[in-house]
Amino acid sequence: GDKDIKIPNDTGKALFGASEDLAIYHDGSHSHIRDQGTGDLRIRSTFLRLLNASSEPYILCASGGAVEIYHNNSKKIETTSSGATVTGVLTTTDLVTNEITTNGSNAEMRISTQGTGTMTLAATNITLDAQGGAVSLNTTLHVGAGGDSAGGILIEDNTIKTARSNENLEIEPSGTGFVKI
């Protein structure tokens, strides 16, 4: 309209600042916002939407609220007051956490390695609690003795045995209980 600022060629730029630190332009193929100043490029809004050409969201940001990240118009990550929610598969090269929980009566949690990798659970005490169900092992369980990966016991193919061929396997009760075999 009559109040628009027009730069009718692909080499023209809208330049801002005494040193022309901020430029907005189109190069014939791509549109650019370029900040070459010493400070930040700040965008302020109560609700910020970064959308594709079809108005589908990449990122939605609410002032004082959630930040949502989308993939192909499907929300994948959302920040919450207590952390973040990830929808779908989360792949990481290194995960450090204090707690992992699942929600819902039929929730299933699976921790696995890809290929022939090794999964290590390292802690002072490790508890597997099926809470009324069963703990199933589909392969060998090696329980090391005092951090000695060569010692301890093996549970494999319905057999409990020592990890070393020259050791006896001892099973004894803790406290005043008994051992039933």
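This is a predicted model: local features need pLDDT of at least 70, side-chain atom pairs count only at pLDDT 80 or more; totals for chains, interfaces and linings use all residues.
The backbone of Ser55 has a positive phi of about 70°, although Ser55 is not a glycine. With a relative accessible area of 53%, Ser55 is exposed, because a residue counts as exposed when this value is over 50%.

Asn72 is not a glycine, yet its phi is positive, at about 50°. The relative accessible area of Asn72 is 68%, and the residue is therefore exposed.

The report now turns to charged side chains. Side chains of opposite charge can pair when their charged atoms come close. How many salt bridges does the model contain? The count comes to three salt bridges.

| Residue | Partner | Distance, N to O |
|---|---|---|
| Arg42 | Asp40 | 3.4 Å |
| Glu68 | Lys75 | 3.7 Å |
| Glu78 | Lys75 | 3.0 Å |

The pair of Arg42 and Asp40 may be considered first. The side chains of these two residues meet in a salt bridge. Arg42 is exposed, with a relative accessibility of 59%. Asp40 is likewise exposed, at 58%.

Which residues are linked in a network of salt bridges? The network consists of Glu68, Lys75 and Glu78. Lys75 forms a salt bridge with Glu68 and another with Glu78. In the latter pair, the closest N and O atoms are 3.0 Å apart.

Is Glu68 buried or exposed? Glu68 has a relative accessible area of 16% and is therefore buried, since the term applies to values under 20%. Lys75 has a relative accessibility of 30% and counts as partly exposed. Glu78, at 23%, also counts as partly exposed.

In summary, Ser55 and Asn72 each have a positive phi without being a glycine, and Ser55 and Asn72 are both exposed. Among the salt bridges, one pairs Arg42 with Asp40, while Glu68, Lys75 and Glu78 are linked in a network.

Key. Residues are numbered from 1 along each chain as its sequence is written. Side-chain values use heavy atoms; hydrogens and water are left out. Buried means under 20% relative accessible area, exposed over 50%, partly exposed in between (1.4 Å probe, protein chains only). A salt bridge is a side-chain nitrogen of Lys or Arg within 4 Å of a carboxyl oxygen of Asp or Glu.
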